[in-house]
Amino acid sequence: MYYRSIGQFGSVTRRAKVSNETNGGWGLMFETESMPYHQVGRPDGDGWSANTSDGPGFLAYGPYNNNVVPDWNTGVVKLAIDNVTAGNDLVATIDVYDATAGQIIAVRQIFRHDFQQANHYEFMIVPFAWEGRAGHTFEIRTFTHGTAYLRQDRQGTD
């Protein structure tokens, strides 16, 4: 399947990648629990988690990789939450960061009701353009607002 997007860099046609339970459509994928970059939380089974007592902070950030294709991309974070029926609090913010330029490229806010099911990993995506950034250092960051238990399994890009 292909799609066409018209944005600040003109018209782009790309092949769509399909996510499923084991494959998020990753081009670059990093296991969150194996990454050394966390401000809050702890190892938790197959991921890294934080709860309300941890307060706000980066659940994960990195991987400080400079192999992202300079094109339209999608940042992908595989997250789970413990409760989908409580108030629709802002629970996380995902951003794509160019560490070389010190610049946030794209942001997505994640609310509790964005999750379909409790305690089940779901792919949260944030589209971004990496045009003109060949060789720059890529970072995707998951900031927890300390309003829910969150567990992250993986992060990366298509």
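Predicted model: local features only at pLDDT ≥ 70, side-chain atom pairs only at ≥ 80, totals over all residues.

User: Let us begin with strand 8. Which residues point one way from strand 8, and which the other way?

Analyst: The general idea comes before the case. In a regular strand the side chains alternate between the two faces of the sheet. In strand 8, Trp72, Thr74, Val76, Lys78 and Ala80 point one way. Asn73, Gly75, Val77, Leu79 and Ile81 point the other way.

User: How many residues of strand 8 are buried?

Analyst: 10 of the 10 residues are buried, so strand 8 is largely enclosed by the rest of the structure. Residues pointing either way are buried.

User: How many bridges join strand 8 to strand 11, and how many to strand 13?

Analyst: Eight bridges join strand 8 to strand 11, and the two run antiparallel. Strand 13, residues 150–157, pairs with strand 8 over seven bridges, again in the antiparallel sense. In strand 13, Leu79 stands opposite Gln152.

User: What is Val91 in contact with, beyond its neighbours within four places in sequence?

Analyst: The contacts of Val91 include Ile81, Ile110, Phe111, Phe115 and Phe143. Arg112, Thr144, His145, Thr147, Ala148 and Leu150 are also in contact with Val91.

User: On to charges. How many salt bridges does a search of the whole structure find?

Analyst: The idea is simple. Side chains of opposite charge can pair when their charged atoms come close. A search of the whole structure finds eight salt bridges. In one of them, the side chains of Arg151 and Asp46 meet at 3.8 Å, N to O. Arg151 lies in strand 13 and Asp46 in the loop between strand 4 and strand 5, so the pair ties together parts that are 105 residues apart in sequence.

User: Is Arg151 buried or exposed?

Analyst: Arg151 has 15% relative accessibility, so it counts as buried. Asp46 is partly exposed, at 39%. Arg151 also has a polar contact of 2.8 Å with Tyr121, side chain to side chain. Beyond its sequence neighbours within four places, its contacts include Asp44, Trp48, Lys78 and Leu79. The C-alpha atoms of Arg151 and Gly41 are separated by 9.0 Å, though the two are 110 residues apart along the chain.

User: Where do Asp89 and Arg112 lie?

Analyst: Their side chains meet in a salt bridge of 3.3 Å, N to O. Asp89 is in the loop between strand 8 and strand 9, and Arg112 in the loop between strand 10 and strand 11. The pair links distant parts of the chain, 23 residues apart. Asp89 is partly exposed, at 34% relative accessible area. Arg112 is buried, at 5% relative accessibility.

User: How far apart are the closest N and O atoms of Arg133 and Asp98?

Analyst: They are 2.6 Å apart, in a salt bridge. Arg133 lies in the loop between strand 11 and strand 12 and Asp98 in strand 9, so the pair ties together parts that are 35 residues apart in sequence. Arg133 is buried, at 14% relative accessible area. Asp98 is buried too, at 0%.

User: Which residues are linked in a network of salt bridges?

Analyst: Glu31, Lys78, Asp153 and Arg154 are. Lys78 is one of the buried residues of strand 8.

User: Last, the backbone. Which peptide bond is cis?

Analyst: The bond from Gly62 to Pro63 is cis, with omega near 15°. Pro63 sits in strand 7, residues 63–65. Tyr64, also found in strand 7, has phi near 60°, a positive value in a residue other than glycine. Tyr64 is partly exposed, at 36%.

User: Where is Asn119, and what is its phi?

Analyst: Asn119 is in the loop between strand 10 and strand 11. Its phi is positive, about 55°, although Asn119 is not a glycine.

Conventions
Residues numbered from 1 in each chain as written. Heavy atoms only, no water. Contact = heavy atoms within 4.5 Å. Helix = DSSP H or I, 4+ residues; strand = E, 2+ residues; numbered from the N terminus. Buried < 20%, exposed > 50% of the residue type's maximum accessible area, 1.4 Å probe, protein only. Pairing = 2+ DSSP bridges. Polar contact = N/O pair within 3.5 Å; in protein donor to acceptor, adjacent residues only side chain to side chain. Salt bridge = Lys/Arg side-chain N within 4 Å of Asp/Glu carboxyl O.
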